[in-house]
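Student: I would like to learn how to read the features of a protein model, one at a time. Could we begin with pockets and then turn to strands and a single residue?

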Amino acid sequence: MYFDPKDGMRPPPFTHSVYNALVIPRPIGWISTISQDGVINLAPFSFFNALCGDPPCVMYCPNGYKTGTTEPKDSLTNVRLTGEFVFNMCTADLLEPMNATSAHVPASVDEMAAAGLDAVACEKVKPPRVGNSPIALECKVLHIIDMPASRTGVPNTTVIGQVVGIHIDDAVIVDGKVDAARMRPLARLGYLDYATITPESIFTLPRPD
Ligand SMILES: Cc1cc2nc3c(=O)[nH]c(=O)nc-3n(C[C@H](O)[C@H](O)[C@H](O)COP(=O)(O)O)c2cc1C
């Protein structure tokens, strides 16, 4: 089938908006920021990815509003004011707290503490990292880009940051490499579905040149 997205994302026979099931699997950027008052914020973003490796840059997309309001998400408000964020890898072990941190709560709530996670100070940025996560990337904002708004006028935004510090749990370094099977990173599929990396799902393919 073919359809034009300007007519919406649920053409027959789809019973749910289909777009999020079309670009899969997506990594989950579990993004920590801090308010100017020092309140820690943490939220998952599957519109997230690495953009380049040298220098390392990543992006995440805090789209839309906090539920029931026309206020931007705290992950956008904070980064606009401070210019700093941290990517934390979300792993299978962290599924429940990751999901908990997607709830819309007042900006005054420390979402890392509320989810029972360990806030660990970073080296070069003010937001703490999630100590329970095996990977954290300290980031400074390069660009905040206004993307086209939704068909109902809801804003979409992309935040691009340069990685200025990298934390890797020694326990996931094996034979000089980072071991994905030990980390079991989570990936987002469409609808409410997720996938994770297991040893059986990993294979190696040399490049032709
Ligand atoms: C796995 C997962 C992925 C998500 N990805 C996004 C995303 O890419 N962009 C977005 O705006 N919201 C996304 N959300 C919803 C946000 O996490 C949610 O709106 C969160 O409350 C924002 O929090 P904040 O106001 O503290 O920034 C996602 C939620 C989950 C559970």
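Student: How do the residues of the lining of the largest pocket divide into nonpolar, polar and charged?

Tutor: Bear in mind that this is a predicted model. The lining of the largest pocket divides into 20 nonpolar, 14 polar and 7 charged residues, and the pocket itself has a volume of about 1300 Å³. Among its 41 lining residues, Asn20, Phe47, Cys61, Asn63 and Lys73 lie nearest the centre, while strand E3 (40–45) provides the largest share of the lining, with 4 residues.

Student: Which residues line the second largest pocket?

Tutor: They include Pro27, Phe48, Phe87, Leu137 and Leu186, around a space of about 150 Å³. Its lining has 10 nonpolar residues, 1 polar residue and no charged ones, and E4 gives the most to it, with 3 residues.

Student: How should I read a sheet, and in what order do the strands E1, E13 and E14 lie?

Tutor: In general, the strands of a sheet pair through backbone hydrogen bonds, and the pairing may be parallel or antiparallel. Here the 3 strands form an open sheet in the order E1-E13-E14, with antiparallel pairing; E1 and E14 are the edge strands, each of which pairs on one side only. Between E13 and E14 there are 3 bridges, and Arg188 has Tyr194 in E14 as its bridge partner.

Student: Is Ser32 buried or exposed?

Tutor: Ser32, which belongs to strand E2, counts as buried because its relative accessible area is 0%, and buried means under 20%. A polar atom of its side chain lies 2.8 Å from the backbone oxygen of Pro128, and the residues in contact with Ser32 include Phe85, Met112 and Arg129.

Conventions
Residues are numbered from 1 along each chain as its sequence is written. This is a predicted model: local features need pLDDT of at least 70, side-chain atom pairs count only at pLDDT 80 or more; totals for chains, interfaces and linings use all residues. Side-chain values use heavy atoms; hydrogens and water are left out. Helices (H or I, at least four residues) and strands (E, at least two) are DSSP runs, numbered from the N terminus. Buried means under 20% relative accessible area, exposed over 50%, partly exposed in between (1.4 Å probe, protein chains only). A polar contact is a pair of N or O atoms within 3.5 Å; within protein, one must be able to donate a hydrogen and the other to accept it, and residues adjacent in sequence count only if both atoms are side-chain atoms. Contact means heavy atoms within 4.5 Å. Two strands pair if DSSP finds at least two bridges between them. On a 1 Å grid over the protein atoms alone, a cavity is a set of points where a 1.4 Å probe fits but cannot get out, and a pocket is an open set with protein on both sides within 12 Å along at least five of seven lines; lining residues have an atom within 4 Å of a point. Grid points are joined across faces, edges and corners, and a volume is the space filled by probe spheres set on the points. Ala, Val, Leu, Ile, Met, Phe, Trp, Tyr, Cys and Pro count as nonpolar, Asp, Glu, Lys and Arg as charged, and the others, Gly among them, as polar. Lists of a residue's contacts leave out its neighbours within four places in sequence.
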